[in-house]
Amino acid sequence: MSPVRELCEVLERRRVGAYQALTLVAPRIAEHARPGQFVHVLAGRDRSFPLRRPFSIHRVERWGGSGGPPGWSPGASGAGLGAVEIVFDVVGAGTLALSRLRPHDVVDVLGPLGRPFTPPEAPTGCLLVGGGYGTAPLFFLATELRTRRCRVDFVVGAASAARLLDPAEAGRLGHSLTVTTDDGSAGRRGLVTDPLPDLLARTGAGQLYACGPMPMLAAVSRVAAAAGVPCQVAVEEQMACGTGICFSCVLPLGPEEPTRMARSCLEGPVFDGTAIAWAELEPSR
């Protein structure tokens, strides 16, 4: 399906630890969204923010009939048949503007965009690895995997306990939850990749999914490759247009020489972890 543009009414804005979660009434986007895809959001309705911001889809709600969520009444968006939720950190003027939105404000959204995660063809164990608020799309993925009768084990990490994204919800969705923090303020001290070899062996996972900072994804991909486990990663790249026109989000794909540049917004954001030429990215990061 081609992405659609929707003027989405804000259903709710809430804090999730150090981050902000924004729920938008988006019937057409919600209907077709799949885990790993993203939406492109205009931070304001004036010319102060000319570029859209990409956000992974954290959660999707779909309601039957012509109703909507409890306590919600149709406004600018019309009848509510579905909603999407995004999670973000306030790091600049655009995300600051989004953090100030209130229910019934209207946001211009394009989506769903990008290549989603590919679920296993048959039920199998799946290890989901997330770093910081990059963990956001893995919650949507975990919900789908559970409906496919896959075992889900979560590994979430961050610099500190405050920077973890909703570990309680990850624990609810997963058969098990492993938490790591750089400073040891929650879970085990160290990197999110540290427990992976043991977890892959202990759970017998047949598929690994990851989302987070690029250095983390490179390390996760290498661990998975060493264990012989297929790995899909959702990359975090800046995307000015989100539709493949501007070429601002290209990544090198290998291992063939010369490497081929791929647009993350079209061929990604989900890639096979072995397909990315990580060595070409590391010197510049």
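Mentor: At 18% relative accessibility, Arg 52 counts as buried, because the cut-off for buried is under 20%. Keep in mind that this is a predicted model.

Trainee: Where is Arg 52 in the fold?

Mentor: Arg 52 sits in the loop between strand 3 (38–41) and strand 4 (53–56).

Trainee: Which side chain makes a polar contact with the side chain of Arg 52?

Mentor: That of Asp 108, at 2.8 Å.

Trainee: And how far is the backbone oxygen of His 40 from a polar atom of the Arg 52 side chain?

Mentor: The distance there is 3.2 Å.

Trainee: What else does Arg 52 touch, leaving out residues up to four places away in sequence?

Mentor: Its contacts include Arg 5, Val 41, Leu 42, Val 109, Leu 110, Met 239 and Ala 240. Asp 108 and His 40 are on that list too.

Trainee: New topic. How many residues of strand 2 are buried?

Mentor: Seven of the seven, residues 19–25, so strand 2 is largely enclosed by the rest of the structure.

Trainee: Which residues lie on each side of strand 2?

Mentor: Tyr 19, Ala 21, Thr 23 and Val 25 are on one side. Gln 20, Leu 22 and Leu 24 are on the other. Both faces are covered.

Trainee: In what sense do strand 1 and strand 2 pair?

Mentor: Antiparallel, over seven bridges. Arg 13 stands opposite Leu 22. The hairpin has two residues between the strands, and Gly 17 takes a positive phi near 65°.

Trainee: What about strand 2 and strand 6, how many bridges there?

Mentor: Six, also in the antiparallel sense. Ala 21 stands opposite Val 87 in strand 6.

Definitions and conventions: Residues are numbered from 1 along each chain as its sequence is written. This is a predicted model: local features need pLDDT of at least 70, side-chain atom pairs count only at pLDDT 80 or more; totals for chains, interfaces and linings use all residues. Side-chain values use heavy atoms; hydrogens and water are left out. Helices (H or I, at least four residues) and strands (E, at least two) are DSSP runs, numbered from the N terminus. Buried means under 20% relative accessible area, exposed over 50%, partly exposed in between (1.4 Å probe, protein chains only). A polar contact is a pair of N or O atoms within 3.5 Å; within protein, one must be able to donate a hydrogen and the other to accept it, and residues adjacent in sequence count only if both atoms are side-chain atoms. Contact means heavy atoms within 4.5 Å. Two strands pair if DSSP finds at least two bridges between them.
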